[in-house]
Amino acid sequence: EEEEEEYGNDKLKWQKESGALVVTIPVGHSRLLFARPQGFMNRSGHAISPILRHHHLHSSKLLVVHDDLDLPIGDAAIRIKPYKTGHHNGLISIRENLPANNSFFRVRLGIGRPVSDSAAVADYVLRDFPPHELRKVEKSVFPRVLDAIRILAEQGMDRAVHFLNNP
């Protein structure tokens, strides 16, 4: 089963695989595999681990794009040091479903923090973006992150980190 999605002038054909939608996109001399888990976020690792095995990829080639409460909305950063999952249940699931001592890279997408108490965090991270925030993310964050991924594939991690972490 396939799902089509337009991206710029291209149509992406997402295929169902291991509880995720996956698509392979040529970038420069590389081919990048994107996977979008379709289950609960806190079970993302149950989809990612079998995809890595099926495509014979080591977790050192894994780049996880995720929301981050500690970055303001509209900010993004690449984390290349050994990861700390904190209380992010999706990252915890991915870490728990990879072989021991395997690490991966992360692109952190800022969503800011709720202004009320921490009990509201779960509702906050699961809500849809309000229209004004969604426009900001679509116009500034997504294009920068996609450019950083392209730079990563063509020029390496150091260049991608410099590009994204130093706007």
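## Exercises on a predicted model

Leu 109 touches Val 65, His 66, Asp 67, Asp 68, Asp 75, Ala 76, Val 141, Phe 142 and Val 145, leaving aside its neighbours within four places in sequence. The model is predicted.

**Exercise 1.** Find the largest nonpolar core and state which elements each supply at least two of its residues.

*Solution.* Start with the size: this core has 17 residues. Next, pick out those with the most contacts inside it: Ala 76, Ile 78, Val 107, Leu 109, Val 141, Val 145 and Leu 164. Now turn to the elements. Strand E6 (76-79), strand E7 (105-110), helix H4 (131-155) and helix H5 (157-165) each give at least two residues. H4 supplies the largest share, 6 residues. A second, separate core has 8 residues, among them Leu 52, Leu 62, Val 64 and Leu 98.

**Exercise 2.** Work out the strand order of the open sheet and explain why one side of E6 is left without a neighbour.

*Solution.* The sheet has 3 strands, ordered E5-E7-E6, with mixed pairing. Strand E5 (63-68) and E6 are at the edges; each has a single partner strand, so one side of each lacks a neighbour in the sheet. Neighbouring strands are turned by 25° against each other on average, direction ignored.

**Exercise 3.** Locate the residue over the face of Trp 14.

*Solution.* Arg 36 lies there, 4.2 Å from the ring centre. A search of the whole structure for aromatic pairs gives 0.

Definitions and conventions
Residues are numbered from 1 along each chain as its sequence is written. This is a predicted model: local features need pLDDT of at least 70, side-chain atom pairs count only at pLDDT 80 or more; totals for chains, interfaces and linings use all residues. Side-chain values use heavy atoms; hydrogens and water are left out. Rings of Phe, Tyr and Trp (its six-membered ring) pair if their centres lie within 6.5 Å; planes under 30 degrees apart count as stacked, over 60 as edge-to-face and the rest as tilted. A charge sits over a ring if NZ of Lys or CZ of Arg is within 6 Å of the ring centre and within 35 degrees of the ring normal. A nonpolar core is a set of buried Ala, Val, Leu, Ile, Met, Phe, Trp, Tyr and Cys residues joined through side-chain atoms within 4.5 Å. Buried means under 20% relative accessible area, exposed over 50%, partly exposed in between (1.4 Å probe, protein chains only). Helices (H or I, at least four residues) and strands (E, at least two) are DSSP runs, numbered from the N terminus. Contact means heavy atoms within 4.5 Å. Two strands pair if DSSP finds at least two bridges between them. Axes are lines fitted to C-alpha atoms, for helices over the stretch in contact, and angles run from 0 to 180 degrees between N-to-C directions.
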